[in-house]
Amino acid sequence: IKSETVVKAYISRIEAVNPLINAIVENGFDRAIEMAKIADKKCMESEVSYLEEKYPLLGVPVTVKECCSLAGFPVTLGNYWRKNLRATENSEVVQLILNAGAIPLLVSNTPEFCYSWESNNFITGRTLNPYDQRRIAGGSSGGE
């Protein structure tokens, strides 16, 4: 199966569900599709053993918790006074998964400063439980 197909399937599902649960801070869907095309090209042109060693996550779609700094995306930590702040570089953990070939789809919602038991803040609001929208998603990774 091609990475582009998987990424598009994830995007389709995210677009269907997110209006109900409010988990996304900002998406990078267009960029993700382009990255998937590049991953598919690498798969066609490279030896499997090389790809397994160099890119163990090649073509795998991932989401990034907003506080983890994905370059170019918001990094507000859910704080109103940081509402216009964007990451200028990737955090170390994000860079590691990118180097391994993962494809970031979006940054997800968190509580303010990741300091609550529910993902709710004054910028993006509350993330709801996907199984019961009367409930919260829970945890500082509720958007994930």
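The structure is a predicted model, in which local features need pLDDT of at least 70 and side-chain atom pairs count only at pLDDT 80 or more, while totals for chains, interfaces and linings use all residues. Residues are numbered from 1 along each chain as its sequence is written, and side-chain values use heavy atoms, with hydrogens and water left out.

Helices (H or I, at least four residues) and strands (E, at least two) are DSSP runs, numbered from the N terminus. The expected span of a helix is taken as 1.5 Å times one less than its number of residues. For the 17 residues of α2, at 1.5 Å a residue, this gives 24 Å, which agrees with the 24 Å between its end C-alpha atoms. Burial is judged by relative accessible area: buried means under 20%, exposed over 50%, and partly exposed in between (1.4 Å probe, protein chains only). On this scale F29, A32, I33, A36, A39 and D40 of α2 are buried. Seen down the helix axis, the buried residues of α2 fall within an arc of 120°, so they line one face of the helix; the arc is that of the directions from the helix axis to the C-beta atoms. On the other side of α2, the residues D30, I38, K41 and E45 are exposed. The cover over the buried residues of α2 includes α1 (3-21), β1 (24-27) and β3 (103-108), where contact means heavy atoms within 4.5 Å.

Much of this burial can be followed into a nonpolar core, defined as a set of buried Ala, Val, Leu, Ile, Met, Phe, Trp, Tyr and Cys residues joined through side-chain atoms within 4.5 Å. The largest such core has eleven residues: V7, I11, I14, I24, F29, A32, I33, A36, I103, L105 and L106. At least two residues of this core come from each of α1, α2 and β3, and α2 gives the largest share, with four residues. Not counting residues up to four places away in sequence, F29 touches I11, I14, E15, I24, L105 and L106. A second, separate core has six residues, including V64, L70, F73 and V94.

D40 is a charged member of the buried set in α2. Lys and Arg count as positive and Asp and Glu as negative, whereas His and the chain ends are not counted. A salt bridge is a side-chain nitrogen of Lys or Arg within 4 Å of a carboxyl oxygen of Asp or Glu. D40 has no salt bridge, and the nearest side chain of opposite charge, K2, is 5.7 Å away. Beyond residues up to four places away in sequence, D40 touches K2, S3 and E4.

K8 is partly exposed, with a relative accessible area of 41%, whereas E4 is buried at 19%. Another salt bridge links E118 with R126, their closest N and O atoms being 2.7 Å apart. Here E118 is buried at 12% relative accessibility, and R126 is partly exposed at 37%. D132 forms a salt bridge with R134, the closest N and O atoms being 2.9 Å apart. D132 counts as buried at 16% relative accessibility, while R134 is exposed at 75%. Salt bridges that share partners join D132, R134 and R135 into one network.

Some single residues complete the picture. In the loop between β2 (61-65) and α4 (92-99) lies S69, which has a positive phi of about 60° although it is not a glycine. L77 is also found in the loop between β2 and α4, and L77, not a glycine either, has a positive phi of about 60°. S69 is buried at 18% relative accessibility, and L77 is buried at 18% as well. K54 sits in helix α3 (residues 48-54) and is partly exposed at 45% relative accessibility. Leaving aside neighbours within four places in sequence, K54 is in contact with N99 and A100.
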